[in-house]
Amino acid sequence: MTPLTFICLIAGLALLIAGAEALVRGTACLAARFGIPPLIIGLTVVAFGTSAPEMAVSVRSASGGQGDIAVGNTIGSNIFNVLMILGLSALVIPLRVSRQLIRFDVPVMIGVSLLAWLLAIDREYSRLDGVLLFAGILVYIAFQVRSGLNAGTSGGNNDFETEFGRKPAGHLALPGHLALVALGLAMLVWGSDLLIDAAVTLARALGLSELTIGLTMVAAGTSLPELATSLVAAIKGERDIAVGNIVGSNIFNLLAVLGLTALVSSAPLEVSPNALAFDYPAMIAAAAACLPIFFTGYRIGRREGLLFFGYYLAYGAYQVLFASGASAVDLLHDALAWYALPLTTVTLLVIAAREWRQRS
């Protein structure tokens with residue numbers, strides 16, 4: 001391992017982020033020029049853009065035979081999004097949660113997390129599994145577009161304008177927008193190649209598995225757009241956007257990213273037993289924890305943010321200890337599985353039940 005490895009790692013992340021931004025701006029401007037409503041642009045183009053780095057890395061790694069990086073990146077990104085990004089954002093300023101998220105989007109996030117785990121029980125994702133997952137994102141987007149258009153025709157707020165403040169605009173001519181889309185795609189491909197090669201080299205040099213690198217370093221890197229969006233939204237006072245960005249991204253990751261990755265993979269996408277035993281349950285637990293926390297007062301306070309942040313630190317510590325073969329990993333696993341998680345679950349359920357009784 002040389003300094004060039006770290007340079008390639010950083011360059012790959014930078015290219016992924018810049019490429020996703022260029023792709024979103026170019027595609028959104030093209031869609032607007034052809035008269036596509038801003039709401040539909042927001043629910044499709046922009047939703048895809050936030051998950052474009054995960055999509056590029058997972059698809060390229062799966063096609064190159066690094067299935068553990070593909071799966072680890074997707075699962076790790078969802079864990080990072082909820083525990084780290086929502087935790088940090090709530091520590092900056094308490095976050096608001098819309099009723100729409102609690103009634104529909106969060107239950108969908110929990111449901112697709114369980115579906116992804118159930119489909120992986122046989123330790124692989126087949127093309128049929130990929131079709132099922134990808135069909136799910138099409139249904140989800142169709143439902144969101146229909147709901148949004150119905151709300152728009154009845155005088156409701158335009159979701160796109162609420163989130164982004166204005167319609168997509170640009171001063172470039174049509175060829176310029178096309179060039180921006182092409183540039184974004186090229187940067188995504190190049191950045192994913194650099195990141196995957198650097199990650200594999202780093203994993204081998206440190207004696208870590210590709211799954212561990214995918215769950216931690218690659219997952220955190222590809223989630224940087226969501227981190228930036230949520231933190232900026234929280235600081236600007238657009239606190240409901242910070243939450244909606246994460247929930248939507250997690251749904252898109254599991255249905256679109258994982259689904260398309262399984263579809264394009266030349267062989268069934270293998271899933272590690274370690275991921276099935278610990279990382280999938282951790283992802284499901286993080287998703288499920290959102291429901292009672294969001295329900296209590298329709299907000300995420302600093303205490304809940306600190307809880308999320310602390311759990312991600314514990315998750316990261318577990319990954320490091322497990323990869324290094326330290327004896328303390330069993331102690332940490334038992335502490336999380338048999339004490340911290342059950343205690344947190346009971347506490348959240350009690351708080352949610354109390355809130356429910358007060359409202360009814």
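Visitor: Is asparagine 253 buried or exposed, and why?
Guide: Asparagine 253 counts as buried because its relative accessibility is 0%. Buried means under 20% relative accessible area, exposed means over 50%, and partly exposed lies in between (1.4 Å probe, protein chains only).

Visitor: What kind of model is this?
Guide: This is a predicted model: local features need pLDDT of at least 70, side-chain atom pairs count only at pLDDT 80 or more, and totals for chains, interfaces and linings use all residues. Residues are numbered from 1 along each chain as its sequence is written, and side-chain values use heavy atoms, leaving out hydrogens and water.

Visitor: Back to asparagine 253. Where is it?
Guide: Asparagine 253 is in helix α11, residues 239–264. Helices (H or I, at least four residues) and strands (E, at least two) are DSSP runs, numbered from the N terminus.

Visitor: Which side chain does its side chain make a polar contact with?
Guide: That of asparagine 78, at 3.0 Å. A polar contact is a pair of N or O atoms within 3.5 Å; within protein, one must be able to donate a hydrogen and the other to accept it, and residues adjacent in sequence count only if both atoms are side-chain atoms.

Visitor: What else is asparagine 253 in contact with?
Guide: Leaving aside neighbours within four places in sequence, its contacts include Ser51, Glu54, Thr74 and Leu258. Contact means heavy atoms within 4.5 Å.

Visitor: New topic. How many residues are in the largest nonpolar core?
Guide: It has 76 residues. Leu86, Tyr125, Val243, Tyr280, Phe294 and Ile300 touch the most other members. Helix α12 (residues 273–295) gives the largest share of this core, 13 residues. A nonpolar core is a set of buried Ala, Val, Leu, Ile, Met, Phe, Trp, Tyr and Cys residues joined through side-chain atoms within 4.5 Å.

Visitor: What is tyrosine 280 in contact with?
Guide: Beyond its neighbours within four places in sequence, tyrosine 280 is in contact with residues including Val71, Trp117, Tyr125 and Val271.

Visitor: Now tryptophan 356. Buried or exposed?
Guide: Tryptophan 356 counts as exposed, because its relative accessibility is 57%. Its place is in helix α14, residues 328–359.

Visitor: How far is it from phenylalanine 295?
Guide: They are 61 residues apart in sequence and 8.7 Å apart in space, C-alpha to C-alpha.

Visitor: And the protein as a whole?
Guide: The protein has 14 helices and four strands. Buried residues make up 49% of its 360 residues. Among contacts between residues at least 6 apart in sequence, 84% join residues at least 24 apart.
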